[in-house]
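Dear colleague,

Please find below the structure that I am handing over to you. My findings follow it, arranged by region.

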Amino acid sequence: MELHEQCETKEKVILVGVEALDGENVEESLKELGDLAETAGAQVVGRVIQRREKVHPATYIGKGKIQELKEKVWELDATGIICDDELSPAQMNHLQEELECKVMDRTLLILDIFARHAVSREGKIQVELAQLRYRAARLTGLGNSLSRLGGGIGTRGPGEKRLEMDRRLIRVRIHHLKQELEQVVRHRDLIRGQRKKSARYTAALVGYTSVGKSALFRQMTGEDTLVDPKLFATLDTCTRLIRHSGKQEILLTDTVGFIRKLPHTLIDAFKSTLEEAVYADVLIHVADASSSQAEMQMHVVYETLRELGAGDKPVITVLNKQDLLYEKRVIRDFHAEYTIPASAKTGEGIDQIQAALEEILRGQKIYIERVYPYSQGGILQIIRNRGELVSEEYLPEGIAVKAYVPKEIYGKT
């Protein structure tokens, strides 16, 4: 197996989309695709949209559009095209033969961005695994397409070396990666088990990519985490302990952002990371109130959560970026127990988010009023660590306690 390092290439790309009669607005989807391309380091030099009954099964767009696109590639000196949907192997082969330039699709682009942003061992394994699964099905066509350029989008990351290997070698590599990932997942499950034993509640920040989850995480935890306006700036999960009202400890996790047309290869590969939302007691759904696509983005988040099996969790929806609005905007979320206008930049709404989080978690506890003899004073420490101590009063006969305790430790108190 011969692998070649790739040089970084500033690509000039043309975006290509198909607006089917029953499909979504391709203009907005291409705008997002352009943001993804720029995040990957490409320069968008043009766009081509075809409105037709459905995507062409063999060439994605029709023959007439292919000719128009070919002329546009030549006129704009483009090095490649990026299609707004995941291409089949046949579509990719036919397009690259007709256009004689690099052909990419939305999935390959997202994989490339993930490769740039993966930091942890788990993240790198997941990215390479998704890349290999994607490329295994497109080995021939993708190899020809990538050979036209020395590097660039789709050729970097844990898989930034050229993929000139046969399917057997790819299968072997996938097998090894899956074994490595299983070890990491076992370690993650062990940590989750320890959290469960400690009876600490967990909350997960979820939302569309680039809505300000990491900025909100920083506001709520005081951690100096990365805040970047680019798409998928945060890939690896980050968990920190926060204390509410000085009484209750909660583990808060920041997760990878969702996006429309999120490839199934990515959902499968990143399932262990995305499952942080499945195991959380509460979801804090962050939405960008300043975006004209806020409702669509919220819908994508809920669809992805349902696919992951986390659609039944209590939700606090945070309408972030209120500082960017000239006038208040009404966005209703019927999935959420609370909907709170906020700004991670200014700190607006943070107190209300914390109060809502505490109220939801309190509803999952049992209220107790008891008098403990002084010989059992250690129980108070258990309540402080794992529950919410409302009041304590020292009486001659013992300590009068009012508190909310998790069901897991109710029998111990």
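This is a predicted model: local features need pLDDT of at least 70, side-chain atom pairs count only at pLDDT 80 or more; totals for chains, interfaces and linings use all residues.

Overall features

The protein contains 15 helices and 13 strands. It has 413 residues, of which 53% count as buried. The exposed surface comes to about 19,200 Å², and carbon and sulfur atoms supply 48% of that area. Among contacts between residues at least 6 apart in sequence, 70% join residues at least 24 apart.

The nonpolar cores

The largest nonpolar core comprises 90 residues. Within this core, I81, L95, L216 and I284 have the most contacts. The element that gives the most to this core is helix α4, residues 106-117, which provides seven residues. A second, separate core consists of eleven residues, among them Y372, L380, L389 and V405.

The surroundings of I81 can be set out in detail. When its neighbours within four places in sequence are left aside, I81 is in contact with I14, V16, L69, V73, L95, L99, C101, K102, V103 and M104. One of these partners, L95, is itself listed with I81 among the residues that have the most contacts inside the largest core.

Helix α8 and its packing against α13

Helix α8 spans residues 213-221. Its buried residues are K213, S214, A215, L216, F217, M220 and T221. Because seven of its nine residues are buried, α8 is largely enclosed by the rest of the structure.

How do α8 and α13 pack, in terms of angle and axis separation? Helix α13 covers residues 350-362, and the two helices pack at an angle of about 80°, with their axes 11 Å apart. Helix α8 is therefore roughly perpendicular to α13. On the α8 side the meeting residues are L216, Q219 and M220, and on the α13 side they are I350, I353 and Q354.

Helix α14 and the strands around it

Helix α14 runs over residues 378-386, and its buried residues are I379, L380 and I383. Viewed down the helix axis, these residues fall within an arc of 105°, so they line one face of α14. They pack against three strands: β11 (365-372), β12 (388-395) and β13 (398-406). L380, one of the buried residues of α14, is also included in the second core.

Y372, another member of the second core, lies in strand β11. Is Y372 buried or exposed? Its relative accessibility is 4%, so Y372 counts as buried. Y372 and G398 are 26 residues apart along the chain, while their C-alpha atoms are separated by 5.3 Å.

L305 is located in helix α12, which spans residues 294-308. With a relative accessibility of 3%, L305 counts as buried. Not counting residues up to four places away in sequence, L305 touches V206, F258, A277, L283, A310 and G311.

A130 is located in helix α5, residues 121-136. Its relative accessibility is 0%, so A130 counts as buried. A130 and H264 stand 134 residues apart in sequence, with a C-alpha to C-alpha distance of 9.3 Å.

Most residues other than glycine have a negative phi.

D77 is not a glycine, yet its phi is positive, at about 55°. D77 is placed in the loop between α2 (63-75) and β3 (80-83). With a relative accessible area of 53%, D77 is exposed, since the cut-off for exposed is over 50%.

K321 is likewise not a glycine and has a positive phi of about 65°. K321 is found in the loop between β9 (315-320) and β10 (338-341).

With kind regards

Methods
Residues are numbered from 1 along each chain as its sequence is written. Side-chain values use heavy atoms; hydrogens and water are left out. Buried means under 20% relative accessible area, exposed over 50%, partly exposed in between (1.4 Å probe, protein chains only). Helices (H or I, at least four residues) and strands (E, at least two) are DSSP runs, numbered from the N terminus. The arc is that of the directions from the helix axis to the C-beta atoms. Contact means heavy atoms within 4.5 Å. A nonpolar core is a set of buried Ala, Val, Leu, Ile, Met, Phe, Trp, Tyr and Cys residues joined through side-chain atoms within 4.5 Å. Accessible areas come from the Shrake-Rupley method with a 1.4 Å probe; for residues, only the protein chains shown count as cover. Axes are lines fitted to C-alpha atoms, for helices over the stretch in contact, and angles run from 0 to 180 degrees between N-to-C directions. Angles under 35 degrees count as roughly parallel, over 145 as roughly antiparallel, 65 to 115 as roughly perpendicular and the rest as oblique.
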